[in-house]
Amino acid sequence: DSQSKDTSTGVDVHFDEVKEGRLTPRCVLMDLEPSTLDAFLTSKVGGLFDPEGAVITGKYGGSNNFARGMYGEGADLMGSVTDRIRYLIERSSTRMEGFQLVHALAGGTGSGAGSLLLEQLRDEYGPKRVILTHTLLPSTQSSEVLVEPYNAVLASHSLIAMSDMTVLHGKPSTTHLLTIFSLFLPFRLFPTSPYLCPPLFPEFL
């Protein structure tokens with residue numbers, strides 16, 4: 001048969017095979033605050049990810065500020081993020097159909113840098129590539145700073161203009177579900193308590 005056949009499996013869509021048959025998620029983890037990702041990578045699930053190639057962090061954090069993520073340190077890191085995404089696409093054996101962005105709108109990274117990343121992806125790959133976002137909304141029940149609603153409103157413009165589909169998640173219900181889920185794991189996802197899920201990392205909720 002002269003026509004090429006798609007031999008990809010479900011695993012190939014989201015994972016890359018590295019040495020000794022080990023699978024690692026095909027993703028880029030980005031945060032303007034390095035301590036958050038450092039804590040995540042030292043957890044039980046952190047070993048799934050490639051800490052050298054898939055993790056990009058800033059130095060000073062987003063300060064819960066949309067502008068810092070969009071125009072400040074987030075803009076400084078965006079070249080490294082897009083370069084890494086481009087590398088993963090070129091290395092993959094499957095045909096790239098689109099992107100999934102998992103972020104929160106409460107802080108500066110998820111709102112500002114997330115909006116900038118959406119614009120970069122749309123500009124570089126065009127309208128034929130599907131962009132799906134899983135977006136965590138801020139909550140008045142667990143709000144940490146006063147500017148969370150402002151960050152969410154400012155980021156909503158890019159979500160409407162750049163994404164093909166946005167799945168909205170409420171923070172209290174998401175935290176509750178993950179707390180229940182952690183009870184059935186063979187290990188403690190969050191070592192502080194098996195019953196109480198601490199504030200989760202917004203960039204990959």
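**Exercise 1.** Does T135 count as buried or exposed, and at what relative accessibility?

*Solution.* The model is predicted, so that local features need pLDDT of at least 70 and side-chain atom pairs count only at pLDDT 80 or more, while totals for chains, interfaces and linings use all residues. Residues are numbered from 1 along each chain as its sequence is written, and side-chain values use heavy atoms, with hydrogens and water left out.

Step 1: T135 is located in strand 6, residues 130–137. Strands (E, at least two residues) and helices (H or I, at least four) are DSSP runs numbered from the N terminus.

Step 2: The relative accessibility of T135 is 0%, and T135 therefore counts as buried. Buried means under 20% relative accessible area, exposed over 50%, and partly exposed in between (1.4 Å probe, protein chains only).

Step 3: Beyond its neighbours within four places in sequence, T135 is in contact with H103, L105, L159, T166, V167, L168 and H169. Contact means heavy atoms within 4.5 Å.

**Exercise 2.** Identify the buried residues of helix 2 and state where they lie around the axis.

*Solution.* Step 1: In helix 2 (residues 34–41), the buried residues are T36, L37, F40 and L41.

Step 2: These residues lie on the same side of helix 2, because they cover an arc of only 125° around the axis. The arc is that of the directions from the helix axis to the C-beta atoms.

Step 3: The cover over the buried residues of helix 2 includes strand 3 (29–31) and strand 4 (55–57).

**Exercise 3.** Describe the largest nonpolar core and the elements that supply it.

*Solution.* Step 1: A nonpolar core is a set of buried Ala, Val, Leu, Ile, Met, Phe, Trp, Tyr and Cys residues joined through side-chain atoms within 4.5 Å. The largest has 23 residues, of which M30, M78, V81 and L117 touch the most other members.

Step 2: At least two residues of this core come from each of helix 3 (66–71), helix 4 (73–91), strand 5 (98–104), helix 5 (108–125) and helix 6 (148–162). Helix 5 gives the most, with five residues.

Step 3: Another core, of six residues, lies apart from it; L29, L37, F49 and V55 are among its members.

**Exercise 4.** Summarise the overall architecture and burial of the protein.

*Solution.* Step 1: The protein has seven helices and seven strands, in the order α-β-β-β-α-β-α-α-β-α-β-α-β-α from the N terminus.

Step 2: Of its 205 residues, 39% count as buried.
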